[in-house]
Amino acid sequence: MPRTSKKTASADEIADMASRGEDISAYFTNRFTVVRPVRRFGVDLTEGMLRELDHRAARLNISRQAAIKTLLARALDEERTVARPRRRPTRPHAASLPH
């Protein structure tokens, strides 16, 4: 059986095909990742904090930025857990109990 090589089309080629009204559904897998918008900002850290952060990042074998995101996410999750009010089990009022 002869092998058929499937040529991969570039984004521009797929766009041209779509413009001509051709079916381009074969180029889409319906598997995607949602990318949330990113906002950049600056953070001032002391030398000691930066050294400790770099040490932690090296120990985890991740980048400094990944370490910041990981540690910040943990702190925010912990804060959210602590701040969440605990619900007490509801008890019926004495007036609503059968006599």
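The protein chain contains 3 helices and 0 strands, arranged along the sequence in the pattern α-α-α. The model is predicted, and the mean pLDDT of the protein chain is 84. Two features of this model share residues F41 and V43: a nonpolar surface patch and the largest pocket.

**Confidence**
- A pLDDT of at least 70 is reached by 78% of the residues in the protein chain.
- Confidence is highest in α2, at 96, and lowest in α1, where the mean is 91.

**Surface and burial**
- The protein chain has 99 residues, of which 7% are buried.
- Its accessible surface amounts to about 10600 Å², and carbon and sulfur atoms account for 54% of that area.

**Nonpolar patch and F41**
- A nonpolar patch on the surface is formed by F41, V43, L45 and M49, which together have about 420 Å² of accessible area.
- F41 is located in the loop that runs between α1 (11-19) and α2 (47-60).
- F41 counts as exposed because its relative accessibility is 66%, and the cut-off for exposed is over 50%.

**Largest pocket**
- The largest pocket holds about 840 Å³ of space.
- Two or more residues of its lining are given by each of the elements α2 and α3 (64-83).
- In total, 17 residues line the largest pocket, and α3 supplies the largest share, with 6 residues.
- The lining residues nearest the centre of the pocket are F41, V43, Q65, I68 and K69.

Notes
Residues are numbered from 1 along each chain as its sequence is written. This is a predicted model: local features need pLDDT of at least 70, side-chain atom pairs count only at pLDDT 80 or more; totals for chains, interfaces and linings use all residues. Side-chain values use heavy atoms; hydrogens and water are left out. Patches are made of residues with over 30% relative accessible area and no salt bridge: like charges are joined within 9 Å, nonpolar side chains (Val, Leu, Ile, Met, Phe, Trp, Tyr) within 5 Å. Accessible areas come from the Shrake-Rupley method with a 1.4 Å probe; for residues, only the protein chains shown count as cover. A salt bridge is a side-chain nitrogen of Lys or Arg within 4 Å of a carboxyl oxygen of Asp or Glu. Helices (H or I, at least four residues) and strands (E, at least two) are DSSP runs, numbered from the N terminus. Buried means under 20% relative accessible area, exposed over 50%, partly exposed in between (1.4 Å probe, protein chains only). pLDDT is the predictor's confidence in each residue, from 0 to 100. On a 1 Å grid over the protein atoms alone, a cavity is a set of points where a 1.4 Å probe fits but cannot get out, and a pocket is an open set with protein on both sides within 12 Å along at least five of seven lines; lining residues have an atom within 4 Å of a point. Grid points are joined across faces, edges and corners, and a volume is the space filled by probe spheres set on the points.
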